[in-house]
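Subject: Structure handover

Hello,

Here is the structure I promised you. Please open it and keep it on screen while you read my notes.

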Amino acid sequence: MPFLDRLQRWAGELPDGTAVAVAGQRLSWADLRDAAAALVPGAPAVALLSEQNSLHFAVAFAAAVAGERRCAVLDPDWPQQLQDGIAARISGAVPPVPGSLAEALAGRVPALGPDLADGRPDTPFLIGLTSGTTSVPKAFSRSRRSWRQSFDASIGFFGLGREDRTLAPGPLAASLNLYALAECLYAGAEFHTLEHFDVGDAHAAISHDGITRLVLVPTMLRLLSERGLTGGVDASGIRSIICAGSKLDARTLEAARRWAPNATIFEYYGASELSFVAGSGLRPGESPEPGGTGIGGPFPGVGIRILDDAGTVLPDGRDGNICVRSGMVSDGYLWGDDGQALRCFDGWFTVGDQGFLSGGTLHMLGRRSDMIITAGTNVYPHEVELALASVPGVAAAVAAGQPDDLRGQRVVAGVVPSHGALTATQLKAGVEDVLVRSKRPLEYFALAELPLTDRGKISRQLLLDWVASNDPRIRRLA
């Protein structure tokens, strides 16, 4: 396990059917099996896979996890110096597969083996890496059993069937898309991706390849939806949209509902170290909760508790560490754990994300490090941003805590208008019924663009820098 025995099955049952398609090029189940099997005898015990999206990526990944081999998937856009540093760390941190050599010599278990077959369920197969820029990212380990349980949970939760054609247009080096590839290989469903994310190429795949299922992050969904509506791209054949990364804002959700009217839109919370935690599906015709933080109920086989830093269970409505108990949790870190990255409270694991439970629904608030403390009240920027994004005329929002002599910090927010002009009065009225008074921004700014890092992530510190320097991209709203 986790998926090679299934790959052998599908290659036998449907040898000529499409297994993987990348930018119009296709690989059948039999071809994928044979190409991967040809690479297995020369595959090392620990492989480093650093490639752009391609058919060869799928082949190499399958070969790299055969037997009891392990694979680390690196972002090919990382600097070579960073990749070399990761390679050096792995060579020093990854021990031989425990017991496998002795068992192989005794004739019981082939440690690696020349065949395209799954290793023992309890053995590690994937070395996951958190995002890195110039410093070496943290590395964690996943077992074959943990992914097998994740497959069974996600296939049931999202309703993936063999007739589905999944498009994951992002990089396969990202865990979301790598998992989608492996999940489809396990389920016997077609997997499609692009060489690089491009809105036009994604629309072409949806129109011409019969795509029924999208797996992507919110920014991609928004681009595909808004431009698809403008360009008349028919997405009526899409039956499910699986979105991860952050809760969908109101505008993205509304655009996706109009563009793909027959799709159930799934949002979920998970982490690479924890796998799936909680989620929900918004079916066609159902109305979302405006500005809400609720992400849904637990995935099958997952227990959720909210614990404080001492490991005490907190009651409904009290926010604290989102802690998880399931068979899908990773085996821990190979390096980079400072004792806070993946904490365990008597079998309950957390990566430090904050939230609360209410009536069985998990509400996501964000990372503790992002929290704003204003006049003794804890405010999570993500909660404020979701509320603002539900206000008519707001295309996107970002909130931050500005130093304040009286309150400690004060909540300020910047918004990118979707059309026309916005006033602070409109924004205050728009969040009045969604946010309690202590969490409402005290100042609003109109933004010409979102403050983003060089990796495309929202930077709340950059918003504060713009405010402090009277940057021309920001204007105070009256």
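Glu 183 is found in helix H7. Keep in mind that this is a predicted model. Is Glu 183 buried or exposed? With a relative accessible area of 3%, Glu 183 is buried, because buried means under 20%. Which residues does Glu 183 touch, not counting residues up to four places away in sequence? They are Phe 151, Ser 154, Ile 155, Phe 158, Leu 160 and Arg 213. The side chains of Glu 183 and Arg 213 are joined by a polar contact of 3.1 Å.

Next, look at Asp 164. It sits in the loop between H6 and strand E7 (165-167). Asp 164 is buried too. Its relative accessible area is 4%. Its contacts, leaving aside neighbours within four places in sequence, are Gly 159, Ala 189, Glu 190, Thr 212 and Arg 239. With Arg 239, the side chain of Asp 164 makes a polar contact of 3.0 Å. For a sense of scale, take Asp 164 and Asp 319. They are 155 residues apart along the chain, and 38 Å separates their C-alpha atoms.

Now the nonpolar cores. In soluble globular proteins, nonpolar side chains tend to be buried together. In this model, the largest nonpolar core has 80 residues. Phe 3, Val 20, Phe 61 and Leu 362 have the most contacts inside it. Which helix gives the most to this core? It is helix H7 (residues 175-187), with 10 residues. Click on Leu 362 and check what surrounds it. Not counting residues up to four places away in sequence, Leu 362 touches several residues, including Tyr 269, Val 277, Ile 304, Ile 322 and Phe 356. Another core, of 25 residues, lies apart from the largest one. Among its residues are Ile 211, Leu 224, Ile 241 and Ala 260.

Last, the salt bridges. How many salt bridges does a search of the whole structure find? The search finds 24.

- Arg 148 and Asp 152: their closest N and O atoms are 3.7 Å apart. Both residues lie in helix H6 (residues 144-158). They are 4 residues apart, so about one helical turn separates them. Arg 148 is partly exposed, at 27% relative accessibility. Asp 152 is partly exposed as well, at 44%.

- Arg 251 and Glu 226: here the closest N and O atoms are 2.8 Å apart. Arg 251 is in helix H10 (residues 250-259), while Glu 226 is in helix H9 (residues 218-231). The pair therefore ties together parts that are 25 residues apart in sequence. Arg 251 has a relative accessibility of 27% and counts as partly exposed. Glu 226, at 25%, is partly exposed.

- Arg 258 and Glu 254: the side chains meet in a salt bridge of 3.7 Å, N to O. Both belong to helix H10, 4 residues apart, which means about one helical turn lies between them. Arg 258 is exposed, with a relative accessible area of 51%. Glu 254 counts as partly exposed, at 40%.

There is also a network. Salt bridges that share partners join Asp 404, Arg 407, Arg 410, Glu 443 and Arg 476. Try to find these residues in the viewer yourself.

Best wishes

Conventions
Residues are numbered from 1 along each chain as its sequence is written. This is a predicted model: local features need pLDDT of at least 70, side-chain atom pairs count only at pLDDT 80 or more; totals for chains, interfaces and linings use all residues. Side-chain values use heavy atoms; hydrogens and water are left out. A salt bridge is a side-chain nitrogen of Lys or Arg within 4 Å of a carboxyl oxygen of Asp or Glu. Helices (H or I, at least four residues) and strands (E, at least two) are DSSP runs, numbered from the N terminus. Buried means under 20% relative accessible area, exposed over 50%, partly exposed in between (1.4 Å probe, protein chains only). A nonpolar core is a set of buried Ala, Val, Leu, Ile, Met, Phe, Trp, Tyr and Cys residues joined through side-chain atoms within 4.5 Å. Contact means heavy atoms within 4.5 Å. A polar contact is a pair of N or O atoms within 3.5 Å; within protein, one must be able to donate a hydrogen and the other to accept it, and residues adjacent in sequence count only if both atoms are side-chain atoms.
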